[in-house]
Each structure stands twice: as C-alpha cells, then as structure tokens.
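Dear colleague,

Please find below the structure that I am handing over to you. My notes on what was found in it follow directly after.

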Amino acid sequence: MNKKVLLIAGVVIVALVGVFIFLNSGGTPAVSTDPYAIQAPPSPTDTTITPIVTPSSTPVSAPTPKPAPTPKPIPAPVPTPIPVPSASQTVIVTYTNSGFSPNTVNIKKGDTVKWVNKSSDAIWPASNPHPLHTGYPEQPGNCGTSAFDACMEVPPGASWSFVFNQVGSWGYHDHLNTREEGTVVVAAK
Ligand SMILES: [Cu+2]
C-alpha cells in the first residue's frame with residue numbers, strides 16, 4: 001500500500017516537472033523580465049489618440065463702450081417778437097405860391113401830415129370835395145365837415161397838422177384856392 005502511494009506521488013511529480021519543463025521550453029512564450037529586452041513598439045492601433053479639443057478660442061471682443069449720448073441742446077426759447085408799433089411820423093407838406101409840395105405823400109396809419117404855409121397868402125387845407133369836405137371818413141370835424149378840415153385860415157408862416165387814422169387815399173385842396181390840390185395816401189401799419 002505505501003509503495004502504491006509513493007508510485008502515484010512520483011508519477012505526479014514527474015508529470016508536474018514535465019509540464020514545468022514544457023512550459024519553460026517554449027510552449028507558451030514566457031514574459032521576459034529582462035529589463036534590456038526590446039519591447040515591441042505598441043501597435044499604432046493600440047493608442048487611440050484622442051485629439052484634445054481645445055475650445056475654439058474665438059476672441060471675445062470686449063463690448064465697445066456705447067458712446068454717451070450727447071445731450072440734445074435745448075434751444076433757447078426764442079422770444080416771440082412783440083410787434084412794437086413803429087413810432088408815428090410827421091410828414092411835412094409845404095405850401096408855396098406853386099402849390100402843395102410834395103403833391104402826394106405816402107404815410108402810415110397814425111402818421112401826421114403838417115402843412116406849412118410858406119406862401120404869401122393864407123391857406124385852408126380841407127378834404128375833397130369842395131365845398132362839402134366830406135370825403136374823409138371821420139365825421140364830423142370841428143366845423144361840421146370831416147375831421148380832415150382845417151376849418152380856418154392858416155396865415156403865411158403858420159402851419160396846420162392832422163393825424164390820419166383812416167387807411168385810404170384822401171384827396172384834399174386849398175379851400176381858399178381850389179386850384180391847388182394834393183393827396184394823402186394812408187397805408188396800414
Ligand atoms: Cu373847399
């Protein structure tokens with residue numbers, strides 16, 4: 001019985017040794033532990049190069065600063081021109097032995113005509129028509145006619161003035177010498 005066991009053990013040992021030898025003799029390539037052994041370069045398919053995706057560096061442009069809005073210039077209030085009535089004027093009409101000069105005068109409403117007698121005779125300026133003197137609209141005047149009537153003799157060297165407030169063309173004459181006539185044209189302001 002002991003011999004049998006020993007025999008089996010010996011067979012097993014021999015088998016193990018055989019397997020060992022077989023393995024060491026090239027059955028399966030042993031992994032070399034030699035540090036100087038040339039290692040086969042890794043197959044290029046082994047390494048999968050994952051490209052490093054760098055984030056596209058789109059240059060983020062700094063936001064351009066918005067220009068500060070220029071304040072709208074506030075226009076200075078334009079003062080509404082108040083129509084100032086122009087000062088009334090006085091126009092001189094001289095009367096000589098040749099008559100009224102200038103024969104026609106152009107004035108504005110509110111202006112004054114001053115007849116200056118530079119003749120040797122008295123004069124009497126009055127609105128047409130002679131002898132009523134009612135042509136000028138302002139009535140009645142000082143002597144029952146229109147206001148445009150001297151209503152008296154104006155001696156040499158003297159004068160008579162009248163303010164025209166009626167727009168229009170007003171003919172007049174020398175009531176004492178009806179051949180001498182003139183016209184006053186009154187325009188609106
Ligand atoms: Cu008259």
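I begin in the loop between β5 and β6, where P131 is found; helices (H or I, at least four residues) and strands (E, at least two) are DSSP runs, numbered from the N terminus. The peptide bond leading from H130 into P131 is cis, with omega near 5°. A cis bond also joins N128 to P129, here with omega near -5°, and P129 likewise belongs to the loop between β5 and β6.

Please note that this is a predicted model, in which local features need pLDDT of at least 70 and side-chain atom pairs count only at pLDDT 80 or more, while totals for chains, interfaces and linings use all residues. Residues are numbered from 1 along each chain as its sequence is written, and side-chain values use heavy atoms, with hydrogens and water left out.

H130 is partly exposed, with a relative accessibility of 39%, whereas H133 is buried, at 2%. The cut-offs are under 20% relative accessible area for buried, over 50% for exposed, and partly exposed in between (1.4 Å probe, protein chains only). H133 sits in the loop between β5 and β6 and has a phi near 60°, a positive value in a residue other than glycine. C151, in the loop between β5 and β6 as well, also has a positive phi of about 60° without being a glycine.

The aromatic residues

A search of the whole structure returns 16 aromatic pairs. Rings of Phe, Tyr and Trp (its six-membered ring) pair if their centres lie within 6.5 Å; planes under 30 degrees apart count as stacked, over 60 as edge-to-face and the rest as tilted. Y136 and F162 form an edge-to-face pair, at 5.4 Å centre to centre and 80° between the planes. Y136 lies in the loop between β5 (125–127) and β6 (159–163), and F162 in strand β6, so this pair ties together parts 26 residues apart in sequence. Both residues of the pair, Y136 and F162, are buried.

The rings of F148 and W160 are stacked, because their planes are at 5° with the centres 6.4 Å apart. F148 is in the loop between β5 and β6 and W160 in strand β6, 12 residues apart, and the pair links these distant parts of the chain. F148 is buried at 0% relative accessible area, and W160 is buried too, at 13%. Ring pairs join Y95, F100, W115, Y136, F148, W160, F162, F164, W170 and Y172 into a cluster.

Leaving aside residues up to four places away in sequence, T112 touches Q89, T90, V91, S161, F162 and V163; contact means heavy atoms within 4.5 Å.

The chain as a whole

The chain has 1 helix and 8 strands, in the order α-β-β-β-β-β-β-β-β from the N terminus on. Of its 189 residues, 22% are buried. Among contacts with a separation of 6 or more, 56% are between residues 24 or more positions apart. The accessible surface is about 14100 Å², with 64% of it belonging to carbon and sulfur atoms; such areas come from the Shrake-Rupley method with a 1.4 Å probe, and for residues only the protein chains shown count as cover.

As to confidence, the mean pLDDT (the predictor's confidence in each residue, from 0 to 100) is 80, and 63% of the residues reach 70 or more. The pLDDT is below 50 over residues 27–32, a stretch with 3 contacts in the model beyond near neighbours in sequence.

With kind regards
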